[in-house]
Amino acid sequence: MKSFSINHSRTVQTRLILPPDTNHLDTIFGGKVLAYIDEIAALSAMKHANSTVVTASIDSVDFVSSATAGDALTLEACVTYTGTSSMEVYVKVTAHDLIKDEVRLTTESFLTLVAVNEQGKPISVPKVFPETEEEKHLYETAPKRRENRKKRSLIR
Ligand SMILES: CC(C)(COP(=O)(O)OP(=O)(O)OC[C@H]1O[C@@H](n2cnc3c(N)ncnc32)[C@H](O)[C@@H]1OP(=O)(O)O)[C@@H](O)C(=O)NCCC(=O)NCCS
């Protein structure tokens with residue numbers, strides 16, 4: 001079975017936050033950040049699976065701090081764990097105040113994306129392996145998150 005490192009799927013995007021992206025407090029709309037997170041998670045998962053993917057769930061989004069117009073918003077995503085057809089993707093968002101040259105964490109999120117064929121049916125994906133300490137932590141804690149996700153779907 002083919003396998004790729006977590007780093008193989010690492011994807012980074014930087015965007016300038018402009019006034020139309022912000023609310024009356026001059027900070028970015030949460031929904032805007034969510035759309036960016038969903039997009040970069042899909043890019044990362046497609047890089048890993050080399051197939052079409054769909055978002056199955058977003059299990060957590062923590063808005064740790066806000067980002068304001070004029071900040072550079074950087075999103076970084078990687079596949080941290082895989083099942084048969086599903087991939088857990090971790091997304092970290094930081095805001096860079098380019099005037100003060102200060103970087104802060106704004107948002108973290110875990111999503112599950114599923115590789116699908118042309119009929120939209122799940123297909124198997126390569127395994128993933130960690131290399132750095134941070135990647136090992138994300139990989140080793142993923143089964144617990146997967147278990148929590150399964151418990152949550154039993155509620156429906
Ligand atoms: C996600 C989807 C492909 C799963 O299809 P399915 O026929 O239910 O397939 P299965 O039950 O065999 O599940 C396939 C995998 O998805 C995972 N999965 C399904 N629903 C999930 C959920 N809500 N959260 C996390 N993982 C989920 C399963 O655990 C399984 O993982 P594994 O193969 O690694 O073990 C299907 O529900 C779908 O197409 N949903 C709509 C996706 C979409 O349109 N997203 C865009 C946002 S609207």
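Me: How should I read the accessibility of Arg104, and what relative accessible area does Arg104 have?

Reply: Arg104 has a relative accessible area of 27%, so Arg104 is partly exposed. The model is predicted, and local features need pLDDT of at least 70 and side-chain atom pairs pLDDT 80 or more, whereas totals for chains, interfaces and linings use all residues. Residues are numbered from 1 along each chain as its sequence is written, and side-chain values use heavy atoms, with hydrogens and water left out.

Me: Which residue does the side chain of Arg104 meet in a salt bridge?

Reply: Side chains of opposite charge can pair when their charged atoms come close. A salt bridge here is a side-chain nitrogen of Lys or Arg within 4 Å of a carboxyl oxygen of Asp or Glu. Arg104 meets Asp71 at 3.0 Å, N to O. Arg104 belongs to strand S6 (residues 102-116), and Asp71 to the loop between S3 and strand S4 (72-82), which makes this a link between distant parts of the chain, 33 residues apart. These element names refer to DSSP runs numbered from the N terminus, with helices (H or I) of at least four residues and strands (E) of at least two. Asp71 counts as buried because its relative accessibility is 3%.

Me: How many salt bridges does the structure hold, and which residues are linked in a network of them?

Reply: The structure holds 11 salt bridges, and a network of such bridges links Asp59, Glu88, Arg145 and Arg149. Within it, the side chains of Arg149 and Glu88 meet at 2.7 Å, N to O. Arg149 lies in helix H2 (residues 133-155) and Glu88 in strand S5 (residues 86-97), so this pair ties together parts 61 residues apart in sequence. Arg149 is buried, with a relative accessible area of 12%, and Glu88 is buried at 4%.

Me: How do I read helix H1, and which of its residues are buried?

Reply: An α-helix has 3.6 residues a turn, so residues three or four places apart point the same way. The buried residues of H1 include Val33, Tyr36, Ile37, Ile40, Ala41 and Ser44. Just after H1, Asn50 takes a positive phi of about 50 degrees. Glu39 forms a salt bridge with Arg15, with the closest N and O atoms 2.9 Å apart. That pair links Glu39 in helix H1 to Arg15 in strand S2 (residues 11-16), distant parts of the chain 24 residues apart. Glu39 is partly exposed at 37% relative accessibility, and Arg15 is partly exposed at 24%.

Me: How many aromatic pairs does a search of the whole structure find?

Reply: Rings of Phe, Tyr and Trp (its six-membered ring) pair if their centres lie within 6.5 Å, and planes under 30 degrees apart count as stacked, over 60 as edge-to-face and the rest as tilted. The search finds two aromatic pairs. The rings of Tyr81 and Tyr139 have centres 5.2 Å apart and planes at 55 degrees, so the pair is tilted. Tyr81 in strand S4 and Tyr139 in helix H2 are 58 residues apart, and the pair links distant parts of the chain. Tyr90 and Phe110 form a tilted pair, 5.1 Å centre to centre with 35 degrees between the planes. Tyr90 lies in strand S5 and Phe110 in strand S6, so the pair ties together parts 20 residues apart in sequence. Tyr90 and Phe110 are buried.

Notes. Buried means under 20% relative accessible area, exposed over 50%, partly exposed in between (1.4 Å probe, protein chains only).
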